[in-house]
Each structure stands twice: as C-alpha cells, then as structure tokens.
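Here are some notes to read with the model open beside you. Take the points one at a time, and find each residue on screen before moving on.

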Amino acid sequence: MGGAISSTPAENDDGNSLFLSSKTTLEDIPENCISSLLMSFDPQEICTFARVNKAFHRASSADFLWESKLPLPYKFLVKKVLGQQKLASMTKKEIYAKLCQPNFFDGGTKEVWLDRCSGQVCLLISSKSFEITGIDDRRYWNYIPTEESRFKSVAYLQQMWWVEVKGEIEFEFPKGNYSLFFRLQLGKTSKRLGRRVCNLDQVHGWDIKPVRFQLSTSEGQRSLSQCYLRGPGEWAHYHVGDFAIERPYGPTNIKFSLAQIDCTHTKGGLCIDGVVICPTEFRERLSKQF
C-alpha cells in the first residue's frame, strides 16, 4: 500500500500543507527483477509477457533467463548442429529458438529438436543410418522417395526370408526418462490424381510370427518386446523400450534392433522410416507429430 504511493508535503495558497502523490508503474521495475520473475514461466508464456511493455520486452531476452530453459547439454547440441563459432556469436534466446527447429546432422541421417514448451530433447534417426541385412540387393530392398518422411525417403522391403535391422546412436541426453519407437508401415504409398493411395500387393508374412524389438544402453539398461505388425496402409509407432538418463553430462550409447528371422516363411511390403526417441511423457503425441 505505502509502496505504491510516495507522498511529499507542499503548501497551497492559504499556507496549508497538502500531499502530491505519484504511482509506480510496471516501467519502473528493474529489468533484472522482471527477468528473474519470468524464469518461473515456460518459453511460450515468456514470449507473451514480452508484449506487455518495453521493459518486459528487454527483460524477456536476458541470457540468464533463456539459459535456464535450455537443456544442460545444450552446448553439445549447438556444436552438433551449428558448430563452435555459432555458439559464441548467438544469444541464449537465439540458441533456444534455433534448437526448437528441426536440425539435421550426421550427413542428414539424424534430426534433433527441442520441444518449444518444455525444452526437452527429441530425436529422429533415418533408416539410411541403419544396418539392414540385404540392403544392397535390389531384389530385396529399395530406398523409395516419399513426402511422408522427414528424411524424404524410406527403406522398402519387397520380399525376404531373413529380416534384421540394427541401429546405434551415441548422444548426450539431458537427465530424464526416454522412449524409443520404430516408425513403420505395411504397404507402399504414392499419390494418384492428388490422392494418397497405398499398394498392399507385396504385404505378407507379418501375421504368422511377431517381430522382435530390442534396446540396450551403455549404462546396462535392456529391453525386449515383440508384437505383430498391424494396420496396413498407415504409419504406426512400435514401442521398443524405455531408458533413463541419470547423469546429465557425457554421451550415452543406444543400440536398437528389429528382427523377424523365422525362415519358414517370407515377409514383404514393409516400409521403415526410422526411429523416434523422445521423453516418455510425449508418447501420446507421436501420432500427431509425425
């Protein structure tokens, strides 16, 4: 109450004293105080507050504010996708904005980005970085172009007895719990007269035996699951397993695989886009994002 009004005595024409009052406005709050206050809000809310006035706009760009929103290994991410020189020349707000965009690395076979609201790390790994049995023999596998992949192509299995796909990545993940999924589709899609069509002619063998999925980490965590492939003509995310990052610094090696090696029957008509690694709580959002 008293902090909002400052009173100074003055005299009127009759010699009697009176009080002149002035009110403190938002413009009078120190920018550092505003920046500290904004640290308790998420990035989208901070951008909303930046429109309040000029003081809030300046305060919303403070380096210490945006550094608190970046994941701990953000310097690793910047070096991975932008290079060391960029790290020195960009503000923390610019770094956050850049990392929230899709960023390709390792020759365009991997993509990383931050979730805009939480600043958590998400990864996509292309099928082109996988070790696929028979991939060099065009009688069995082909890479086909498609707009339905962020990498603009997918690995397509025509027919084979032994199906085995292996992948690996070494990455600095922030502390937290993560889930890994294969993104697969039965059938080969294309566009005809502007409409999406899916050719299912070569789809066979996936209802006889389940596909086995495996995951392991350099920290000794392991996961094994199996299921039948489902939903011809639609992309689906198959949960391989979960892993936890306890130490926020240093790389973690992740190995994963997909296999159906029962040679009593052939399998075919499978599209492999790649692998998704995301915070476990994002699991329900997968179908909407990809």
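1. Let's begin with the lining of the largest cavity, to which strand E7 (141-145) and strand E11 (188-192) each supply at least two residues. Keep in mind that you are looking at a predicted model. The residues around this cavity are Ile-144, Pro-145, Thr-146, Val-154, Gln-185, Lys-188, Thr-189, Trp-235 and Cys-271. Sorted by class, that lining has 5 nonpolar, 3 polar and 1 charged residues. The volume of the largest cavity is about 40 Å³, and the structure holds 1 cavity of 30 Å³ or more.

2. Now look at what pairs with E17. Strand E10 (residues 176-186) runs antiparallel to E17 and is joined to it by 9 bridges; here Leu-184 stands opposite Ile-272. Strand E5 (residues 121-126) is also antiparallel to E17, with 4 bridges, and Leu-123 stands opposite Ile-277. Strand E8 (residues 153-157) is joined to E17 by 3 bridges, again antiparallel, and in this pair Tyr-156 faces Cys-271 as its opposite residue. As background, strands of a sheet pair through backbone hydrogen bonds, either parallel or antiparallel.

3. The largest nonpolar core has 60 residues, and Phe-182 and Ile-277 touch the most other members of it. Leaving out residues up to four places away in sequence, Ile-277 touches Val-121, Cys-122, Leu-123, Ile-125, Ile-169, Phe-173, Tyr-178, Ser-179, Leu-180 and Phe-243. A second, separate core has 9 residues, including Trp-113, Phe-151, Phe-181 and Val-276.

4. Next, trace an open sheet of 5 strands, with antiparallel pairing and the order E6-E9-E16-E13-E14. Which strands stand at the edges? They are strand E6 (131-132) and strand E14 (222-227); each has a single partner strand, so one side of each is left without a neighbour in the sheet. For E14, look at strand E13 (residues 211-217), which runs antiparallel to it and is joined to it by 6 bridges. Within this pair, Phe-213 has Ser-225 in E14 as its bridge partner.

5. The largest pocket has a volume of about 220 Å³. It is lined by 14 residues, and the closest to its centre are Gln-214, Ser-216, Lys-255, Phe-256 and Ser-257. Strand E9 (163-171), E13, E14 and strand E16 (252-260) are the elements giving two or more residues to this lining. By class, the pocket lining divides into 3 nonpolar, 6 polar and 5 charged residues.

6. Finally, visit the loop between helix H3 (54-59) and helix H4 (63-67), where you will find Ser-60. Is Ser-60 buried or exposed? Ser-60 is buried, because its relative accessible area is 1% and the cut-off for buried is under 20%. Not counting residues up to four places away in sequence, Ser-60 touches Leu-38, Ile-46, Ala-50, Leu-65, Trp-66 and Lys-93.

Conventions:
Residues numbered from 1 in each chain as written. Predicted model: local features only at pLDDT ≥ 70, side-chain atom pairs only at ≥ 80, totals over all residues. Heavy atoms only, no water. Pairing = 2+ DSSP bridges. 1 Å grid on protein atoms, 1.4 Å probe; cavity = no way out; pocket = protein on both sides within 12 Å on 5 of 7 lines; lining within 4 Å. Points joined across faces, edges and corners; volume = space filled by probe spheres on them. Nonpolar A, V, L, I, M, F, W, Y, C, P; charged D, E, K, R; others polar. Core = buried A, V, L, I, M, F, W, Y, C linked by side-chain atoms within 4.5 Å. Buried < 20%, exposed > 50% of the residue type's maximum accessible area, 1.4 Å probe, protein only. Contact = heavy atoms within 4.5 Å.
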